[in-house]
Structure formats: structure tokens, C-alpha cells
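Me: I have a model open and want to go through a few residues with you. Can we start with burial and then move to charged pairs?

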Amino acid sequence: MEFPFYDLPNTAAIVCSHVLNGEKPILYVFHDEDDGMWQFLCDGTHTMEEAKIVSLKFVYDLDHSVGALRDMPCGCYAKRAAQTDEWTVKKR
């Protein structure tokens with residue numbers, strides 16, 4: 001499957017440890033307005049210690065459904081209730 005994002009595959013992205021360890025699915029995605037960084041999180045609360053840096057391609061390989069958010073502008077976030085649900089995108 002072709003990498004869909006406009007950012008390079010090796011672009012740094014933040015994931016929570018729950019997603020990284022395969023414990024929980026990605027349910028929230030933030031595209032930060034100030035620095036353009038992507039964040040991929042589960043539905044839990046997180047500490048700074050639970051934030052992990054990976055490549056955007058790593059996240060895409062983990063869950064191809066995030067590719068649907070490739071056009072999501074900076075300053076927006078997406079959420080869904082379950083991994084099989086469609087993304088809802090909103091402005092922060």
C-alpha cells in the first residue's frame with residue numbers, strides 16, 4: 001500500500017504507549033497547529049512518560065485507517081469511538 005501522507009514517511013510522530021504496545025487502538029489524532037506534529041492516541045489519559053516518538057510510517061503501518069486523515073489541516077483533530085468507525089474531524 002502506498003504511503004498516503006504529504007509528510008515524509010520518517011516524519012516524527014507521537015504515539016501513546018498503549019497504542020505502541022498494541023494494548024489499545026488509535027482513537028484520537030491531533031495535527032498540531034504550532035509545529036505541525038502528528039499525535040496518535042488511545043482514549044485514555046496520558047502522562048509525558050507514556051508519549052513515544054516514532055515515524056509517521058510506523059503509525060501508518062500499525063493502522064492504515066489513519067491514512068484517511070492525510071489532508072487534515074494543522075490545528076485540527078480527529079476522533080472515533082472504535083477502530084472500525086469512521087473518523088470525525090474538527091477544528092480545535
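Me: Cys-16, buried or exposed?
Reply: At 1% relative accessibility, Cys-16 counts as buried. Buried means under 20% relative accessible area, exposed over 50%, and partly exposed in between, with a 1.4 Å probe and protein chains only. This is a predicted model, where local features need pLDDT of at least 70 and side-chain atom pairs count only at pLDDT 80 or more, while totals for chains, interfaces and linings use all residues. Residues are numbered from 1 along each chain as its sequence is written, and side-chain values use heavy atoms, with hydrogens and water left out.

Me: Which strand is Cys-16 in?
Reply: Cys-16 is part of strand 1, residues 12-16. Helices (H or I, at least four residues) and strands (E, at least two) are DSSP runs, numbered from the N terminus.

Me: And what is Cys-16 in contact with, leaving aside neighbours within four places in sequence?
Reply: Phe-40, Leu-41, Cys-42, His-46 and Glu-50 are in contact with Cys-16. Contact means heavy atoms within 4.5 Å.

Me: Switching to charges. How many salt bridges does the structure hold?
Reply: There are 5 salt bridges. The term covers a side-chain nitrogen of Lys or Arg within 4 Å of a carboxyl oxygen of Asp or Glu.

Me: What does Arg-92 pair with in a salt bridge?
Reply: Asp-32, with the closest N and O atoms 3.8 Å apart. Arg-92 sits in the segment after strand 6 (88-91) and Asp-32 in the loop between strand 2 (28-31) and strand 3 (38-41), so this pair ties together parts that are 60 residues apart in sequence.

Me: Arg-92, exposed or buried? And Asp-32?
Reply: Arg-92 counts as exposed, at 58% relative accessibility. Asp-32 counts as buried, at 8%.

Me: Which residue does Glu-33 bridge to?
Reply: Lys-91 forms a salt bridge with Glu-33, and their closest N and O atoms are 3.8 Å apart. Glu-33 is in the loop between strand 2 and strand 3 and Lys-91 in strand 6, so the pair links parts 58 residues apart in sequence. Both Glu-33 and Lys-91 are exposed.

Me: Now Asp-61 and Lys-57. Where do they lie?
Reply: Both lie in helix 2 (residues 56-62), 4 residues apart, about one turn of the helix. Asp-61 and Lys-57 form a salt bridge, with the closest N and O atoms 2.8 Å apart.

Me: What is the relative accessibility of Asp-61? And of Lys-57?
Reply: Asp-61 is at 43% and counts as partly exposed. Lys-57, at 36%, also counts as partly exposed.
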